[in-house]
Amino acid sequence: MSPISRGFHGRRREAATAGRVPPGQYLTHDFPVLSAGPTPHTALAKWTFSIEGGREPKRWTWQEFQALPAETVTVDIHCVTRWSKLDTTWRGVSLDVLLDFVGYDHPYALAFCDGGYTTNVPVADLTGGKAWVAFGYQGGPLAAEHGGPARLLVPHLYFWKSAKWVRGLRLRDTDQPGFWETYGYNMYGDPWREQRYAGD
Amino acid sequence: MAGTAVRGRLSDPGGRPPQAPLAAWQTATVSSVTAETASVRTILLNVPDWPGHRAGQHLDVRLTAEDGYQAERSYSIASAPGEPLAITVERLEDGEVSPYLTEELRAGDQMEVRGPIGGYFVWEPEMGGPLLLAAGGSGVVPLRAIVRCRIMVGSSVPVRLLYSSRSWADVIYSGELSRPTPGVEVIHTLTRSHPDGWTGYTRRVDAAMLAEVAFRAAEGALAYVCGPTNFVEAVAAGLVGLGYPAGRVKTERFGASGQ
């Protein structure tokens, strides 16, 4: 039973959005930036996206990646630091399209990025129209501080799983924790079950 | 890549097992509320079973209204390990939680806390230095915990704190930061207005200022940068430009919306 904080009233959520905001989150209209180190800047000529560990490893250059079928999606995003943002519009390539190239039966993936960031996601959470490699945001290119040239977009999990500056996936038989997962954050990160921290 | 230390990258401990479960919410009783500036308060919390923390970590706060409505936010811990637990909170116009914490809260009031949280933006004495700390506004809070930790353990690691504020009236911890401490230098820049006779910097942190203030890259400094996004982007990029490996520049950012 939580103690009452004397004199605290708070601000109730509008009914229209109440069902879209997970527990412990608040709505923002900004797009806050969070990252552990300096923003990397990778020239598009040097950018590639790789999928390693499948039966047929695959690598795309930026040009090849742009030639893949892209889609525009509008999704709600939820950051573990408690802000949620509704109706964000992204352009990117579905992981269904990318994973179709490689042939795999691995249950886990570790995303790796410029700057050394990693994060782990079950493959089942990357397939079935639930995840993209996004390079466009709100009609323009994705800004570097928000993860451009391209970031993972896995909006049904807390947003640290949507790795910025993503350069590829390593398919794995075991679930290896990534960067924040070794610093006390949850291995899976479902915002609707409030899986913020280790053991939640 | 995972498990391999690569120069110029996040010091990713990939391959380590995930951490032990984080302890549940605990009741905290406010022991005091101290004004730091017109809009900033330091709140001392009594948490009987606080597991301890490292300098630079943060905690979650949960407030409960009489009808059961709850709101949660994260705040940086302002105190060094071993000191009474403290957070420093800036009131944000249009905020839901910070106006309550800075204007209504008083000694004896209760809330819940959970933590400590975050294991990357931390300094422990064995990590050494020198330490280049760069703060924008209330981004000084976790860096103050690092400075206090450095002083409390008697470390001789040289520290430079470059602290950007709008005006002298907005400087948090101005009293304790003005007290001379051997090996700890505090360099202020006041970006909007400054007192008569002010001889310090009066502009936003830029590459030229960093070149004057920061330890040289060859000295192997560890940098901690905390503040609003624009500040952190400028400082982190500036330090990389001076030759700091990206893996030696740890950042903590808060957007304009952190209510």
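In this predicted model, the C-alpha centres of domain 1 and domain 2 of chain B lie 24 Å apart. Domain 1 of chain B covers residues 26-117, and domain 2 of chain B covers residues 125-254. Across the boundary, 16 residues of domain 1 of chain B are in contact with 14 residues of domain 2 of chain B. On the domain 1 side, the elements that give two or more residues to this boundary are strand 1 (26-37) and strand 5 (86-90) of chain B.

The chain as a whole can be described next. Chain B holds 5 helices and 11 strands. The radius of gyration of chain B is 18 Å, close to the 18 Å that the globule rule gives for 259 residues, so chain B is as compact as a globular protein of that length. Some overall values for chain B are listed here.

| Property of chain B | Value |
|---|---|
| Box filled by the C-alpha atoms, along the principal axes | roughly 55 × 55 × 35 Å |
| Buried residues, as a share of the 259 residues | 47% |
| Contacts joining residues at least 24 apart, among those between residues at least 6 apart in sequence | 71% |

Which residues have the most contacts inside the largest nonpolar core? They are A:Ala111, A:Val133, B:Leu133, B:Ile146, B:Ala223 and B:Val235, and the core has 117 residues. From chain B, this core draws at least three residues from each of domain 1 (26-117) and domain 2 (125-254).

Leaving aside neighbours within four places in sequence, A:Val133 is in contact with A:Phe49, A:Gly92, A:Val93, A:Leu95, A:Leu98, A:Ala150, A:Leu152 and A:Val166.

Chain A also contains an open sheet of 5 strands, in the order 3-2-11-6-7, with mixed pairing. Strand 3 (58-61) and strand 7 (118-122) of chain A stand at the edges with a single partner strand each, so one side of each is left without a neighbour in the sheet. From one strand to the next, the twist averages 15°.

Strands of a sheet pair through backbone hydrogen bonds, either parallel or antiparallel. In which sense do strand 2 and strand 3 of chain A pair? Strand 2 (residues 48-52) of chain A pairs with strand 3 of chain A in the antiparallel sense, over 4 bridges. Within this pair of strands, A:Ile51 stands opposite A:Lys58 in strand 3 of chain A.

Key
Residues numbered from 1 in each chain as written. Chains lettered and ligands numbered in written order. Predicted model: local features only at pLDDT ≥ 70, side-chain atom pairs only at ≥ 80, totals over all residues. Pairing = 2+ DSSP bridges. Axes fitted to C-alpha atoms, helices over the stretch in contact; angles between N-to-C directions. Core = buried A, V, L, I, M, F, W, Y, C linked by C-beta atoms within 7 Å. Buried ≥ 20, exposed ≤ 12 C-beta atoms within 10 Å, placed from the backbone. Domains from an automatic or database assignment. Contact = placed C-beta atoms within 7 Å. Rg over C-alpha atoms; globule rule 2.2 N^0.38 Å.
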